Amino acid sequence: MATLPVFRWRLAPDGYATRRQLRAQGLRPGGQGVAAQLERPRRRRGPLVAYLYRIDLAKPVRPMTPGRWAALAKANAARRICPTCRRDAGYVIPAHLGTCVPCAYPDHSPRSS
């Protein structure tokens, strides 16, 4: 098994990019494996690691179809509906609460009907 080349933080050669950098260029890894990694040393902990992909093997981002846009809108709307009171909260329901804020803290916030 071959080991990955490891570069110091900010010292990677041209031709490599992280997923976010690829996305900013309108690209995606496209099925290729990790080509290298960056390591940023930290005190008293293990290093921060970022995986790099080759830009020349990256593929263009797939365009959003009308069906994908509709599915994304439906999923985002579902995140706004409180499972307790079934109302649109007007914001994404916090995962740590599981319900809208008025349902989570009924004594502290007045409910406007």
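Select Leu4, Val34, Val49 and Tyr51: together they form a nonpolar surface patch with about 300 Å² of accessible area. Patch members have over 30% relative accessible area and no salt bridge, and nonpolar side chains (Val, Leu, Ile, Met, Phe, Trp, Tyr) are joined within 5 Å. Accessible areas come from the Shrake-Rupley method with a 1.4 Å probe, and a salt bridge is a side-chain nitrogen of Lys or Arg within 4 Å of a carboxyl oxygen of Asp or Glu.

The model is predicted, with local features needing pLDDT of at least 70, side-chain atom pairs pLDDT 80 or more, and totals for chains, interfaces and linings using all residues. Residues are numbered from 1 along each chain as its sequence is written, and side-chain values use heavy atoms, without hydrogens and water.

Stay on Tyr51, in strand E5 (residues 45-54); strands are DSSP runs of at least two residues, numbered from the N terminus. Tyr51 is partly exposed because its relative accessibility is 44%, between the limits for buried (under 20%) and exposed (over 50%).

Next, select Gln37 in strand E4 (residues 36-42). Gln37 is buried, at 13% relative accessible area. Beyond neighbours within four places in sequence, Gln37 contacts Leu4, Pro5, Val6, Phe7, Val49, Ala50, Tyr51 and Leu52 (contact: heavy atoms within 4.5 Å).

From Phe7, go to Tyr16. The structure holds 1 aromatic pair: Phe7 and Tyr16 are tilted, 5.9 Å centre to centre with 50° between the planes. Ring centres of a pair lie within 6.5 Å; planes under 30 degrees apart are stacked, over 60 edge-to-face, and the rest tilted. Tyr16 is partly exposed, at 25% relative accessible area.

Notes: Helices (H or I, at least four residues) and strands (E, at least two) are DSSP runs, numbered from the N terminus. Buried means under 20% relative accessible area, exposed over 50%, partly exposed in between (1.4 Å probe, protein chains only). Patches are made of residues with over 30% relative accessible area and no salt bridge: like charges are joined within 9 Å, nonpolar side chains (Val, Leu, Ile, Met, Phe, Trp, Tyr) within 5 Å. Rings of Phe, Tyr and Trp (its six-membered ring) pair if their centres lie within 6.5 Å; planes under 30 degrees apart count as stacked, over 60 as edge-to-face and the rest as tilted.
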